[in-house]
Amino acid sequence: MVHPPRLLRVGKALHNSCHPQVLLVIIHRHLDPLVVMVHLLPSGPPQRPPYDQQFYGPQMQGPNQMQQSSFQYSQCNGKKKALCIGINYLGQPEELHGCINDANNIKRFLATQFGYKEEDMVILTDDARDQRQAPTQQNILRAMEWLVRDARANDSLFFHYSGHGGQTEDKDGDEDDGYDEVIFPVDFKEKGHIVDDLMHDIMVKRLPPGCRLTAIFDSCHSGSALDLPFIYSTEGKIKEPNLAAEAGQSLMSAVASYARGDMGGVFSTVTGLIKTVRVDKQKAETICRTTKTSPADCISWSGCKDSQTSSDTEEAGRATGAMSYAFIKALKDNPQQSYQQLLNSIRVILRAKYSQKPQLSSSHPMDTNLLFIA
């Protein structure tokens, strides 16, 4: 007879102001030898972010004293402003169907879920009658400027984009895959795209410590569309560059050279791989984390990895972007989620029908066990 595991909850194992936790001890009585598994589980709902300044990274000698990188979480109880962009590219060969709906759905969701006021939200869609509300390159850049204007600590700014996304050659060495991410205004054929470096300069660099920017990119190739340097796994840990995955193609080339008896080719390929992948990846990561961190509280939710596409689909009989739909549904189902929980909730919703893997990134190392607020 196989006995089910016996669960024992053993007191408060770890406690501080941010993370009260309890031990969960699972005893598998049917296994020989006896297996005891110990897990730390959060106790109660996620905690709100701390008020005080947060420090991270190495300490370095400044002119008069030791200096260290720092940031401040936003309490999101100040001014709330939102910019929602939905582009269907009406009448163009690249026409989409759910992006305008996404912008309007996010607008309503922000009002009901987080208390955003209609007069503090700008909506740009390509079915707008007023040309000032059309998602042209000029209007989008102007609206980004409006979003961050006069920003202060504890403000909450929300940026949502649903439309086409793409990639272009990286010019400043901050991308580990060699490509910048871009979004496409409705007039991209005449005016061109908007690159992630420019969006970062406008919407991230100008923010003061303690000001929140929450961004959602429901577009293809959007994993690092805001150029935030810290990307998180579903375990809530900061991802490091995956050198092994990137090395795959070069290693296959080395194997092919070996099979041909071309030892020179093997040596050349492997040496180039070591130099190029290891150095370029680490160099890109260093540049990004040196130039793209911020004392503000900026996070980005993106619909997929930089290498993936993001679906324009239907849910409940209405056209929608998969990421926008999943974000709203996850928080409607459970409004009290940590960043890690919300990332996993979104992935579970999408996994049933789509291959895309949503990403979470931030402008500073953050505690993903804290409550997501906006």
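This briefing describes the fold, aromatic pairs, helices and selected residues of one protein model.

The model is predicted, so local features need pLDDT of at least 70 and side-chain atom pairs count only at pLDDT 80 or more, while totals for chains, interfaces and linings use all residues. Residues are numbered from 1 along each chain as its sequence is written, and side-chain values use heavy atoms, with hydrogens and water left out. The protein has eight helices and 17 strands; these are DSSP runs (helices H or I, at least four residues; strands E, at least two), numbered from the N terminus.

**Overall composition**

- Of the 374 residues in the protein, 48% are buried; buried means under 20% relative accessible area, exposed means over 50%, and partly exposed lies in between (1.4 Å probe, protein chains only).
- The protein has an accessible surface of about 18800 Å², and carbon and sulfur atoms account for 52% of that surface; areas come from the Shrake-Rupley method with a 1.4 Å probe, and for residues only the protein chains shown count as cover.
- Of the contacts between residues at least 6 apart in sequence, 68% join residues at least 24 apart, a contact being heavy atoms within 4.5 Å.

**Aromatic pairs and a charge over a ring**

- The whole structure contains 15 aromatic pairs. Rings of Phe, Tyr and Trp (its six-membered ring) pair if their centres lie within 6.5 Å; planes under 30 degrees apart count as stacked, over 60 as edge-to-face and the rest as tilted.
- Phenylalanine 71 and tyrosine 73 are an edge-to-face pair, because their ring centres are 5.0 Å apart and their planes stand at 85 degrees. Phenylalanine 71 counts as buried at 4% relative accessibility, and tyrosine 73 counts as buried at 4% as well.
- Tyrosine 116 and phenylalanine 158 also form an edge-to-face pair, with 6.4 Å from centre to centre and 85 degrees between the planes. This pair links distant parts of the chain, 42 residues apart: tyrosine 116 is in the loop between helix H1 (99-114) and strand S7 (121-125), and phenylalanine 158 is in strand S8 (residues 156-162).
- Both tyrosine 116 and phenylalanine 158 are buried.
- One aromatic cluster is formed by Phe109, Phe114, Tyr116, Phe158, Trp301, Phe327, Tyr339 and Phe372.
- The charged end of lysine 81 sits over the ring of tryptophan 146, 4.5 Å from the ring centre; this description requires NZ of Lys or CZ of Arg within 6 Å of the ring centre and within 35 degrees of the ring normal.

- Helix H1 has 16 residues and reaches 22 Å from its first C-alpha to its last, close to the 22 Å expected at 1.5 Å a residue; the expected span is 1.5 Å times one less than the number of residues.
- The buried residues of H1 are Cys99, Ile100, Asp102, Ala103, Ile106, Phe109, Leu110 and Phe114.
- Glycine 115 follows H1 and has a positive phi, near 80 degrees.
- Helix H4 (residues 196-203) is mostly covered, with six of its eight residues buried: Asp196, Asp197, Met199, His200, Ile202 and Met203.

**Serine 156**

- Serine 156 lies in strand S8 and is buried, with a relative accessible area of 0%.
- Its side chain makes a polar contact with the side chain of tyrosine 116 at 3.0 Å. A polar contact is a pair of N or O atoms within 3.5 Å; within protein, one must be able to donate a hydrogen and the other to accept it, and residues adjacent in sequence count only if both atoms are side-chain atoms.
- Not counting residues up to four places away in sequence, serine 156 touches Cys76, Lys79, Lys80, Lys81, Tyr116, Arg212 and Ala374.

- Cysteine 76, a residue other than glycine, has a positive phi near 55 degrees. Cysteine 76 lies in the loop between strand S5 (66-71) and strand S6 (80-86) and counts as buried at 7% relative accessibility.
- Aspartate 150 is not a glycine, yet its phi is positive at about 60 degrees. Aspartate 150 is in the loop between helix H2 (137-148) and S8 and counts as exposed at 65% relative accessibility.

**Partly exposed residues**

- Glutamine 67 lies in strand S5 and counts as partly exposed at 43% relative accessibility. Not counting residues up to four places away in sequence, glutamine 67 touches Pro58, Gln59, Met60 and Gly62.
- Asparagine 369 is in the segment after strand S17 (359-362) and counts as partly exposed at 36% relative accessibility.
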